[in-house]
Amino acid sequence: MAGAKDRRHAGLPRAYVILVTVIMGLCGLLTVLEPRFLTGENLINILRQSSIIGVVALGMTCVILVRGIDLSVGSTLALSSLIAASAVQAGVPWIGGWFLALAVGAICGGISGGVVAWLGVPPFIVTLGMMGTARGAALLYTGGAPISGFPASFRVLGTGWIAAIPVPIVVFLCVYAVLHILLEHSLWGEQIRSIGSNPVAAWGTGMNVPLYTTSVFALSGMLSALAGLVLLGRLDAAQPTAGAGYEFGAIAAVVLGGTQFSGGKGTLLGTVMGVLIMGIVSNGINILNINPFYEQVVRGMVIALALIAYGRLGGSPAGNSPY
């Protein structure tokens, strides 16, 4: 057990040093270019803005650890938040709306995971199909119109504060803490990494690979729904187009954080650093009044450069699917 843990974290201290250096370098550069960057208000804003995609990226990390990918996170976010929003407006208590959103997200993810795990369809194809299905369902559900106007209790995940910390940041930190315990200190996490590292061996040991794989995709869907509740709270609106492109932002953060598509190797802390880097870049583009379309260019370059860099550092950035 200890040997396996050492192998899966091999080289991570150096990767962390590189990521921290990049974060500090970006902060230093942006501070020189725009002194407003290094203010408490702006730093809190970066963390708050990053928390939504961060929650999605943490779920994506778990999926990629089992050699999967989930392209449906943005569509799942939209569909789950719309269903919860309509339920609350119909009289369902706010806590019931939250649970309904999480259930819808888990069901969407679970369906994708089940098809991947039990039918052997590649996760890229399955989640691409779910992306279109969930987005289409979200548009049909409201006829393309947003739903707005909610009680403050239902919006607290996006607008609330705990002491001087916005609730979205607290949600992000809590998700990180729970997943860290699950991945690093539970049988579930050990099995997930085993499946990603060597799926054939995992089957050989009698592990229920389909069940564990499905659980990971269901978790990703549920966290997408949670991110949707945070976004809904901030905007006071549930939109059928919400979350568009989130899958690419999440993948960029995960890859930048060092999690490898070959499975089994990667950490949540690396993903958090990747999320922060993407958040700093986005914030920098905004405060420097640079055309926001450049953010998409930067994300694409980040994914490509990260794959190349980690490949040269000795990790295979891609691998064959076990499904």
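**View A. Ile 290, a partly exposed loop residue.** With a relative accessible area of 36%, Ile 290 is partly exposed, a value that, like the others in these legends, was computed from a predicted model. Ile 290 lies in the loop that runs between helix 13 (268-287) and helix 14 (294-312).

**View B. The nonpolar surface patch that includes Ile 290.**

**View C. Gly 228, a buried residue of helix 11.** Gly 228 belongs to helix 11, which spans residues 209-235, and it counts as buried because its relative accessibility is 2%, where the cut-off is under 20%. Leaving aside residues up to four places away in sequence, Gly 228 touches Leu 77 and Ser 81. Between Gly 228 and Ile 290 there are 62 residues of separation in sequence and 27 Å in space, taken from C-alpha to C-alpha.

**View D. The packing of helix 7 against helix 11.** Helix 7 (residues 152-159) packs with helix 11 at an angle of about 105 degrees, and the axes of the two helices are 6 Å apart. Because this angle falls within the range of 65 to 115 degrees, helix 7 is roughly perpendicular to helix 11. From helix 7, the residues Phe 154, Arg 155, Leu 157, Gly 158 and Thr 159 take part in the contact, where they meet Leu 226, Leu 229, Val 230, Leu 232, Gly 233 and Arg 234 of helix 11.

Conventions: Residues numbered from 1 in each chain as written. Predicted model: local features only at pLDDT ≥ 70, side-chain atom pairs only at ≥ 80, totals over all residues. Heavy atoms only, no water. Helix = DSSP H or I, 4+ residues; strand = E, 2+ residues; numbered from the N terminus. Buried < 20%, exposed > 50% of the residue type's maximum accessible area, 1.4 Å probe, protein only. Contact = heavy atoms within 4.5 Å. Patch = residues over 30% accessible without salt bridge, like charges linked within 9 Å, V, L, I, M, F, W, Y side chains within 5 Å. Areas by Shrake-Rupley, 256 points an atom, 1.4 Å probe, with all protein chains shown as cover. Salt bridge = Lys/Arg side-chain N within 4 Å of Asp/Glu carboxyl O. Axes fitted to C-alpha atoms, helices over the stretch in contact; angles between N-to-C directions. Parallel < 35°, antiparallel > 145°, perpendicular 65-115°, else oblique.
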